[in-house]
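Here's a quick briefing on one protein model. Have a look at the fold and its pockets, then work through the notes below.

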Amino acid sequence: MNNDEFLSKYVFKELTENVLAECEHFSCGVGDLDEYFQKDVIAYSKRWVSRSYVFCPKANPRQIACAFSVSYDSLRITDLSNRKQEEFREQNDLSEKRLKRYPGILIGRLAVNKEMSHQGIGTALMNFIKMWLGHGGKAGCRFLIVDARNSKDTLSYYEKNGFVYLFPSEEMESMRTRKDNAVVPQTTRLMYFDLKDTSE
């Protein structure tokens, strides 16, 4: 489903108290995501921690097809080895801008209605997010960032949508981000997408 087709079939809305009250119960089938979009989303918004948005079918405006939340963040590369920091800068044409952090936007939550899965909505949503956030911003924002749930389906989704891992392996991510340098299974994997790609 391309962006024009997606936008012709679905209405984009900020997820406010009124919208949440007017819409049918939303479930993606993942407990903590469902709880966030049903119980926590308004509190996060009121405290300016994140903003959440939904797409509803024009044919049924009370149904939420998909939802996501975003907040400002930065991609910190100081947890990488010196060599990996240099590789990161070279790969992203940032060698002249030797920062410890690069500006970005965090996709805190993203979910598709379980009744509407496998219809291309997830990919269409991600394409929309990239274009929406990658064009016309009033502040510098280079990367989309996600702490993706460490599951095969979730990681595959982000990989297919052009996200790459900041750390080359789960083991390396564990060692470089824990104070005790221990290798333990990760519940999430840090991934990013270069928004500069949307303008080329």
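α3 lies across β1, β2, β3, β4 and β5, where contact means heavy atoms within 4.5 Å. Against β4, α3 runs at about 125 degrees; axes are lines fitted to C-alpha atoms, for helices over the stretch in contact, and angles run from 0 to 180 degrees between N-to-C directions. Helices (H or I, at least four residues) and strands (E, at least two) are DSSP runs, numbered from the N terminus. Keep in mind that this is a predicted model: local features need pLDDT of at least 70, side-chain atom pairs count only at pLDDT 80 or more, and totals for chains, interfaces and linings use all residues. Residues are numbered from 1 along each chain as its sequence is written, and side-chain values use heavy atoms, with hydrogens and water left out.

**The sheet**
- Seven strands make an open sheet with mixed pairing, in the order β1-β2-β3-β4-β5-β7-β6; two strands pair if DSSP finds at least two bridges between them.
- At the edges sit β1 (10–14) and β6 (164–165), each pairing on one side only.
- β3 and β4 run antiparallel and are joined by 11 bridges.
- Ala67 has Ala111 in β4 as its bridge partner.

**The largest pocket**
- Its volume is about 1100 Å³, taken as the space filled by probe spheres set on grid points joined across faces, edges and corners.
- A pocket here is an open set of points on a 1 Å grid over the protein atoms alone, where a 1.4 Å probe fits, with protein on both sides within 12 Å along at least five of seven lines; lining residues have an atom within 4 Å of a point.
- The largest pocket has 36 lining residues, and Leu33, Leu110, Ala111, Thr154 and Tyr157 lie nearest its centre.
- β4 gives the largest share of that lining, seven residues.
- By class, the lining has 15 nonpolar, 13 polar and eight charged residues; Ala, Val, Leu, Ile, Met, Phe, Trp, Tyr, Cys and Pro count as nonpolar, Asp, Glu, Lys and Arg as charged, and the others, Gly among them, as polar.

**The second largest pocket**
- This one has a volume of about 510 Å³.
- Of its 20 lining residues, Val70, Tyr72, Ile105, Leu133 and Cys141 are the closest to its centre.

**Salt bridges**
- The count is 13 salt bridges, each a side-chain nitrogen of Lys or Arg within 4 Å of a carboxyl oxygen of Asp or Glu.
- Glu17 pairs with Lys46 in a salt bridge, with the closest N and O atoms 3.4 Å apart.
- That pair links helix α2 (residues 17–22) to helix α3, with Glu17 and Lys46 29 residues apart.
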